[in-house]
Amino acid sequence: MTFCPKGLASSNKIKLPIPKLEDTIKRYLRAQKPLLDDGQFRKTEQFCKSFENGIGKELHEQLVAQDKQNKHTSYISGPWFDMYLTAREPVVLNFNPFMAFNPDPKSEYNDQLTRATNMTISAIRFLKTLRAGLLEPEVFHLNPAKSDTDTFKRLIRFVPSSLSWYGAYLVNAYPLDMSQYFRLFNSTRLPRPVRDELVTDESARHLLVLRKGHFYVFDVLDQDGNIVSASEIQAHLKYILSDSSATPDFPLAYLTTENRDVWAELRERLVSGGNEEALRKVDTAVFCLCLDDFPIKDLVHLSHTMLHSDGTNRWFDKSFNLILAKDGTAAVHFEHAWGDGVAVLRFFNEVFKDSTQAPAITPQSQPARTDSSAAVRRLNFKLDDAMKASISAAKDKFDAIVKTLTIDFIQFQRGGKEFLKNQKLSPDAVAQLAFQMAFLRQYGRTVATYESCSTAAFKHGRTETIRPASIFTKKCSEAFVREPSRHSAGELCQMMAECSTYHGQLTKEAAMGQGFDRHLFALRYLAAAKGIALPELYLDPAYRQINHNILSTSTLSSSTVNIGGFAPVVPDGFGIGYAVHDKWIGCNVSSYPGRNAREFLQCVEKALEDIFDAIEGKHIKT
């Protein structure tokens, strides 16, 4: 674990800024420009003008005043929690993503029991470090050359914690907000009518293990809060893996795939039917470990397994499920309301590092001679006929939607981060340009595109949206796709450089809380809270269209991640998880009927080939 001197691991002190309204409107119009024809754009400009000078101005002033009073949090935190928790769609496929670990470099450590034991211990070591206040804050470096250095790190260590933040800010290094981390453990999202509830019970000491749709619990912390010995945990997991019981006829886990209002009502019936104590064990468990009974065939099978599986062996409401397949392939699947990718990726990286570099057991380790039948408890649920029928109905709905989801991936081997940086091009900008070119080739237009960007550099920051579709990417995509012969390789490279510069600007603005999406979202939320009629800007079809994100994208930058992914956020969209590695580019795409992930990826591959050809001065083939 990355430790820090006690006192430094507090949460961030700097507030998320509210952008100026005029800046938000300018940025919004810039993002709309490539999506609208001239007539539509003029209408949207009018809506913006009247909003900026009228109701928008009033709402903005109220938001700023409210934010000044709420010194303890950010202006987006409350509305963002509400957005997630009031959503009534099932969490699986609509919100929950996954990240899969690379295999343990020592192949014999990928045995399911060995790796499950080591990862469980490493996860609990992380919990202990976090709760002791000893987890070093991650730092976001806006200018890595100055701040991401050993000298800076040594210097900042000796500055009192009350001042260290400001020392970091002087060199544009932002210690990331850690306020979400406590929800990693002992937490779940409870279904409630209208608005779900996040609950955390740090007093619970047990792990929840799912296997073949059965629920098992045993303590992983003793009464003094120490980690139970690795050999005991290994023995208990071995005992669970040796249980020969068949999958239940009515696996309870299907209920977590339901519409939230339906699930809320069913949960109340489960509680009143004598299952309250068993459900509390599920909800308060340190985390949920899922042991699957089959190996992973390939990367597509891996994505389907870790994103949704067959629904029997996951508890989708837990803050995270740590999943291990029969061959030791491992992943984290997480619920999104409580936190964002930054917190989960930090946990993920630490667990990988600790379990591979300081494993608690070896493949030769013998489990403790302990009575696991006394220590491990299998939870039994009382289900009446109506509840069994509800589980079957949930299963049918879940199976039907899962059948329609396609996932595919590519690994583009011609080059990656190193090559692109040598050309002075932003690797992320190139990947995003490839998606724009691919969609234009496949469907002949430019559409609303979303790229998630963390604002954890600020107290209670969440995310901001980068809008990668710009007038620059549109012009460049059209040149590559529609008329490559009219442009020299040099001209195409010049257009790519413009795309890269602009994308870099958008990324910095978003990371510093200077996008437009969250600001407009908060103003709309405030209008609704005050009972004000929805301003015209939000009724404009262009506003609805830019928020119908056909290309929803998210990048993972970590050497520990094998692959990550999520489902499309709209029925006619693509869910694009991607990573630009040092020497290659990986892209994992999901789609529903009406869009074709495989074809889209072929177009992405063609786009990347064309981009690399242009950089190398080669002729672009149509």
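Residues 24 or more positions apart account for 77% of the contacts in the protein chain with a separation of 6 or more; contact means heavy atoms within 4.5 Å. This is a predicted model: local features need pLDDT of at least 70, side-chain atom pairs count only at pLDDT 80 or more, and totals for chains, interfaces and linings use all residues. Residues are numbered from 1 along each chain as its sequence is written, and side-chain values use heavy atoms, with hydrogens and water left out.

The protein chain holds 22 helices and 18 strands. Both are DSSP runs numbered from the N terminus: helices are H or I with at least four residues, strands are E with at least two. The radius of gyration is 25 Å, close to the 25 Å of the globule rule for 622 residues, so the chain is as compact as a globular protein of that length. That radius is taken over C-alpha atoms, and the rule is 2.2 Å times the number of residues to the power 0.38. Along its principal axes the C-alpha trace spans about 75 × 60 × 55 Å. Of the 622 residues, 55% are buried. Buried means under 20% relative accessible area, exposed over 50%, and partly exposed in between, with a 1.4 Å probe and protein chains only. The chain exposes about 25,500 Å², and carbon and sulfur atoms supply 52% of it. These areas come from the Shrake-Rupley method with a 1.4 Å probe; for residues, only the protein chains shown count as cover.

Now the sheet. Six strands form an open, mixed sheet in the order β12-β18-β17-β15-β13-β14. Two strands pair if DSSP finds at least two bridges between them. β12 (406-412) and β14 (463-466) stand at the edges with a single partner strand each, so one side of each lacks a neighbour in the sheet. From one strand to the next, the twist averages 25 degrees. Inside the sheet, β13 (449-454) and β15 (551-555) pair in the parallel sense over three bridges. Thr449 stands opposite Leu551 in β15.

Two helices cover parts of this sheet. Helix α11 (299-307) lies across β12 and β18 (585-591), at about 130 degrees to β12. Helix α16 (427-443) lies across β13, β15, β17 (574-580) and β18, at about 145 degrees to β17. Axes are lines fitted to C-alpha atoms, for helices over the stretch in contact, and angles run from 0 to 180 degrees between N-to-C directions.

Next, helix α4 (77-86). Its buried residues are Ser77, Pro79, Trp80, Asp82, Tyr84 and Leu85. They pack against β4 (187-190), β5 (197-200), β14 and α19 (517-529). The axes of α4 and α19 are 10 Å apart, at an angle of about 80 degrees. That makes α4 roughly perpendicular to α19, a label for angles of 65 to 115 degrees. Gly78, Pro79, Trp80, Asp82 and Met83 in α4 meet Arg518, Phe521 and Tyr525 in α19.

Tyr75 lies in the loop between α3 (55-69) and α4. Tyr75 is buried, at 7% relative accessible area. Its contacts include Leu16, Pro17, Leu63, Arg518 and His519. Tyr75 and Leu16 are 59 residues apart along the chain, yet their C-alpha atoms are separated by 7.4 Å.

Two loop residues deserve a backbone check. Leu93, between α4 and β1 (98-101), has a positive phi near 75 degrees without being a glycine. Leu93 is buried, at 4% relative accessibility. Lys212, between β6 (206-211) and β7 (214-219), also is not a glycine and has a positive phi of about 50 degrees. Lys212 is partly exposed, at 25%.

Key: Parallel < 35°, antiparallel > 145°, perpendicular 65-115°, else oblique. Lists of a residue's contacts leave out its neighbours within four places in sequence.
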